[in-house]
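Here is a short tour for anyone who likes to have the model open while reading. Take the sections in order, and turn the view as you go.

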Amino acid sequence: MPEAMTATRELTLGEAVREAIAEEMRRDSRVFMCGEDIAEAGTVFKVLTGLVEEFGKDRVLDTPISEAGFTGIAVGAAMTGMRPIVDIMFGDFSTLVMDQMVNQAAKVHYMSGGKWKVPMVMRATLGATRRSAAQHSQSLHAWFCHIPGLKVVLPSTPYDAKGLLKTAIRDDNPVVFFEDKMMYKLKGPVPAEDYTIPFGVADVKRVGSDITIVATSSMVQVALGAAKLLEEYDISAEVIDPRTVWPLDEKTLIESAKKTSRVIVVDEGYGRYGVTAEIASVIAEGAFFNLEAPVKRIGAMHVPIPFSPPLEDATVPTEQSVFETAKALCG
Amino acid sequence: MTTAVDRSKTQSEIEAQQWRHMYRRMVMIRLFEEQVNDLYTRALMPGLAHLYIGEEAVAVGVCEGLNPTDYITSTHRGHGHCLAKGAALDRMFAELLGKEAGYCKGKGGSMHIADPDTGNLGANAIVGGSAGIATGAAFSAKRLGTGQVAVCFFGDGALGQGLLYEVMNMAALWKLPVIYVCENNLYNEYTHNSETIAGDMLTRAAGFGIEGKSVDGQDVRAVYATAKEIIQRVRSGAGPAFLVCQTYRFLGHHVGDVSREYYRSKQEEQTWKTERDPITLHGDWLVKEKLADRAQLDGIQKEVKTEVDKAVQFATAAPYPSPDKVDQDVYA
């Protein structure tokens with residue numbers, strides 16, 4: 001965070017998201033929100049509480065349970081002068097909006113030879129361990145990273161969430177913004193001043209020299225916890241958060257890998273063909289001759305997310321699993 | 001009194017001009033599509049081509065009732081909609097041939113013609129895929145108070161898509177100025193819709209409290225009259241409308257679909273072509289009503305043929321986009 005920003009308060013990630021939306025809605029009358037139970041209910045996670053009082057039901061628009069429909073309406077509205085923010089309650093429901101995001105929103109600008117634009121944001125949640133089982137717990141952000149025309153944002157702190165969301169709302173492209181539902185209560189410093197964070201700029205969350213841990217979303221906290229555990233073994237871990245998985249700040253990742261020569265990539269999505277695979281490949285290509293060991297990947301176990309707490313807990317990366325992997329890599 | 005008579009004469013002359021204009025537009029679409037068929041079968045056109053021949057009265061009748069700034073969304077069978085909304089022949093052909101001068105710089109092709117200048121939000125190759133976009137455009141028009149309406153063209157095949165019903169529900173709830181125009185050409189690709197559509201088409205709209213109408217889609221005057229009335233009502237804030245145009249696809253699903261006997265008879269096709277051709281029907285009416293004579297109609301055909309030929313020449317001679325343009329326009 002820039003040091004010049006002094007008037008800083010502690011906000012939760014949920015509050016930071018709400019503040020970003022409120023500020024952008026005040027700034028630009030074309031911005032509106034639509035989704036299920038977002039108005040008086042303020043979403044199931046209460047992230048948007050209070051917005052309807054300030055902006056009214058026309059701009060904080062409760063929709064029927066029709067994810068494809070209201071996402072499609074948002075695409076058309078974005079093309080014709082509005083700047084919609086679509087709320088997809090659980091990222092698992094991404095399956096329902098895929099045609100609208102992948103075949104419509106992502107392609108309209110290209111297919112029209114650059115004539116129509118789709119300035120919209122799709123907000124969704126990700127993350128397991130809420131005991132919500134297989135259809136309310138997945139982290140499906142990698143799907144969107146696969147598609148040219150979309151940008152994909154994964155904030156890990158309240159500060160990043162606010163700055164990145166404001167950038168997303170001002171972007172002229174469809175942006176998919178994933179919030180980890182387990183992080184809404186996470187507190188962190190957020191300046192009172194208006195600020196934005198550019199896409200494609202990774203953030204070094206912790207400087208280190210022996211190993212690089214690239215982590216996304218809530219896995220940043222996991223990586224920072226593991227880094228602390230590693231300190232006791234005199235292993236200095238650098239933790240890097242790409243913040244946007246597309247565009248991806250390949251340069252920062254590769255430079256850190258060259259410096260430390262050992263890399264672990266942690267992401268809560270499935271590993272197979274996932275974000276960890278892509279980042280590991282980028283680092284292997286960019287820093288191969290500086291690496292002491294193959295890049296390690298840690299993601300969700302390749303099973304549907306189970307309900308039973310001990311089973312579910314076994315599927316997600318933890319401080320301990322990251323710590324052990326790092327220790328073995330540095331041993 | 002004299003003034004009134006003059007005004008009435010002027011009015012009828014304006015109408016006559018409009019009817020002739022619709023004839024010309026339908027001929028333009030027909031000749032455009034015949035040219036596409038020719039280019040395609042001579043392997044001069046890449047990709048796919050879904051021809052609109054036989055359905056011209058629908059696009060022309062509806063678009064004639066729209067303002068230039070009104071929005072449309074179109075389908076994989078979309079050349080007719082684009083031309084009826086005002087697209088230029090030369091840039092249409094250029095796009096179909098994948099040329100830089102095309103409406104989408106060659107990046108969209110036959111199934112994705114889009115043009116903000118004529119309110120064309122884009123043809124869409126996902127069946128029913130543009131229902132959200134059209135409804136969203138109507139949402140903007142209402143929010144921004146522009147007075148525009150949006151027309152969503154789709155075929156009877158799209159009645160199988162859930163998206164359509166989701167957005168119709170919201171359009172009704174929020175009284176959006178959108179008109180869902182179902183072109184019922186009886187076939188979902190190679191399957192008669194008696195095998196794919198249960199119940200009645202119009203009651204689908206009625207279920208949402210949306211007023212639905214059915215019209216003879218081969219009669220351009222009927223389409224125009226009905227569309228005009230609906231557009232006026234929708235523009236005034238009455239909420240969405242649903243219009244089923246009963247029509248027929250004279251040719252195959254796509255240009256290569258030539259052996260069609262396994263899904264429909266030659267006799268059925270022949271009957272539609274000889275008895276229900278929208279251009280013949282309208283031409284005969286113009287002559288009968290003495291609004292045009294045969295020579296005039298032949299003149300229109302000739303003029304349009306010249307325009308089409310010129311447009312093809314333009315598109316054929318136009319350069320392809322340079323390969324370094326391939327990764328431009330991915331992001332705005």
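## One aspartate in chain A

Let's begin with A:D241, which sits in strand β11 (residues 237-241) of chain A. Please keep in mind that this is a predicted model.

Is A:D241 buried or exposed? A:D241 has 26 other C-beta atoms within 10 Å, so it is buried, the cut-off for that label being 20 or more. Setting aside neighbours within four places in sequence, its contacts are A:S156, A:A202, A:D203, A:K205, A:A215, A:T216 and A:V220. As for A:P148, it lies 93 residues from A:D241 in sequence, and the two C-alpha atoms are 22 Å apart in space.

Helix α1 of chain A covers residues 13-27, which makes 15 residues. From first C-alpha to last, α1(A) reaches 21 Å, close to the 21 Å expected at 1.5 Å a residue.

Which residues of α1(A) are buried? They are A:L13, A:G14, A:E15, A:A16, A:V17, A:R18, A:A20, A:I21, A:E24 and A:M25.

## Where the two chains touch

The contact between the chains draws 35 residues from chain A and 33 residues from chain B. On the chain A side, the elements that give two or more residues are α3 (67-79) and α4 (94-111). The largest share, 11 residues, comes from α3(A).

## Chain B as a whole

Chain B has 11 helices and 8 strands. Its radius of gyration is 20 Å, close to the 20 Å that the globule rule gives for 332 residues, so chain B is as compact as a globular protein of that length. The C-alpha trace spans about 60 × 50 × 45 Å along its principal axes.

Of the 332 residues of chain B, 53% count as buried. Among contacts in chain B with a separation of 6 or more, 74% are between residues 24 or more positions apart.

## Two helices crossing in chain B

Now find α2 (residues 56-63) and α8 (residues 220-238) of chain B, whose axes come within 8 Å and cross at roughly 35°. The crossing of α2(B) and α8(B) is right-handed.

From α2(B), the residues that meet α8(B) are B:A57, B:V58, B:V60, B:G61 and B:V62, and their partners in α8(B) are B:V220, B:V223, B:Y224 and B:A227. The residues of this contact divide into 8 nonpolar, 1 polar and no charged.

Key. Residues numbered from 1 in each chain as written. Chains lettered and ligands numbered in written order. Predicted model: local features only at pLDDT ≥ 70, side-chain atom pairs only at ≥ 80, totals over all residues. Axes fitted to C-alpha atoms, helices over the stretch in contact; angles between N-to-C directions. Helix = DSSP H or I, 4+ residues; strand = E, 2+ residues; numbered from the N terminus. Left-handed = near helix turned anticlockwise from the far one by under 90°. Contact = placed C-beta atoms within 7 Å. Nonpolar A, V, L, I, M, F, W, Y, C, P; charged D, E, K, R; others polar. Rg over C-alpha atoms; globule rule 2.2 N^0.38 Å. Buried ≥ 20, exposed ≤ 12 C-beta atoms within 10 Å, placed from the backbone. Expected span 1.5 Å × (residues − 1).
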